[in-house]
Amino acid sequence: MNPADFGQLYSTYKSRYIVVALGYVRDRAVAEDIVNDSFLAFWENRHRIPDGSNIPGYIMTTLKNKCLNWLKQQKVHAEIDQKIHSIQQRVMQANIRSLELCNPTHVFENEVEAIVNKELETMPESTRRIFIANRYHDKSYKEIALEYNITPRRVDHELQKALRILRKALRDYLPPPPGYSSHY
């Protein structure tokens with residue numbers, strides 16, 4: 001077959017083949033690509049095709065096989081997409097369950113407790129005793145002042161000092177202060 005005959009064959013059958021392919025693949029651009037690939041496959045193999053063969057039938061068979069391969073490939077892609085969606089759904093459901101069961105007040109409890117204990121050990125003796133009496137034994141400023149023979153104002157001063165030390169040590173675990181704005 002010479003190029004002129006091929007051009008005539010292409011002009012005659014291209015639009016018909018596109019309609020056939022479009023009926024299966026439901027995408028005009030894909031249908032046109034498959035038709036063009038089918039004609040190209042014929043042209044590349046034209047020397048192997050016996051004389052007198054039904055060339056439009058040969059191209060149609062190629063077209064059918066290419067449509068079939070494309071549909072099988074789409075099916076595989078759809079199955080993969082479905083599996084990915086299913087996995088994403090399971091992960092999302094697990095995350096929802098995890099968050100529902102999570103008690104944020106206990107997430108860093110052990111770490112915070114260890115930091116507080118470490119900081120208490122490094123505080124001056126009077127600051128530590130006053131903090132423990134107030135926070136762990138629920139004693140009032142007045143009770144602590146009487147017990148240690150100091151003024152309530154001194155109790156307040158020592159507690160403020162202890163809280164500054166602990167705030168600094170726990171800054172990564174505390175919410176930002178009111179009015180704080182982070183600029184990332």
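**Exercise 1.** Which residues are linked in a network of salt bridges?

This is a predicted model, where local features need pLDDT of at least 70 and side-chain atom pairs count only at pLDDT 80 or more, while totals for chains, interfaces and linings use all residues. Residues are numbered from 1 along each chain as its sequence is written, and side-chain values use heavy atoms, with hydrogens and water left out.

Step 1. Take the rule: a salt bridge is a side-chain nitrogen of Lys or Arg within 4 Å of a carboxyl oxygen of Asp or Glu.
Step 2. Apply the rule to Glu158 and Arg154: their side chains form a salt bridge at 3.0 Å, N to O.
Step 3. Name the network: Arg154, Glu158 and Lys161.

**Exercise 2.** Is Glu158 buried or exposed?

Step 1. Set the cut-offs: buried is under 20% relative accessible area, exposed is over 50%, and partly exposed lies in between (1.4 Å probe, protein chains only).
Step 2. Glu158 has a relative accessible area of 2%, so this residue is buried.

**Exercise 3.** Where do Glu125 and Arg128 lie?

Step 1. Helices (H or I, at least four residues) are DSSP runs, numbered from the N terminus.
Step 2. Both residues belong to helix H6 (residues 125-135), 3 residues apart, about one turn of the helix.

**Exercise 4.** How many salt bridges does the rule count?

The count is 7.

Note on methods:
Helices (H or I, at least four residues) and strands (E, at least two) are DSSP runs, numbered from the N terminus.
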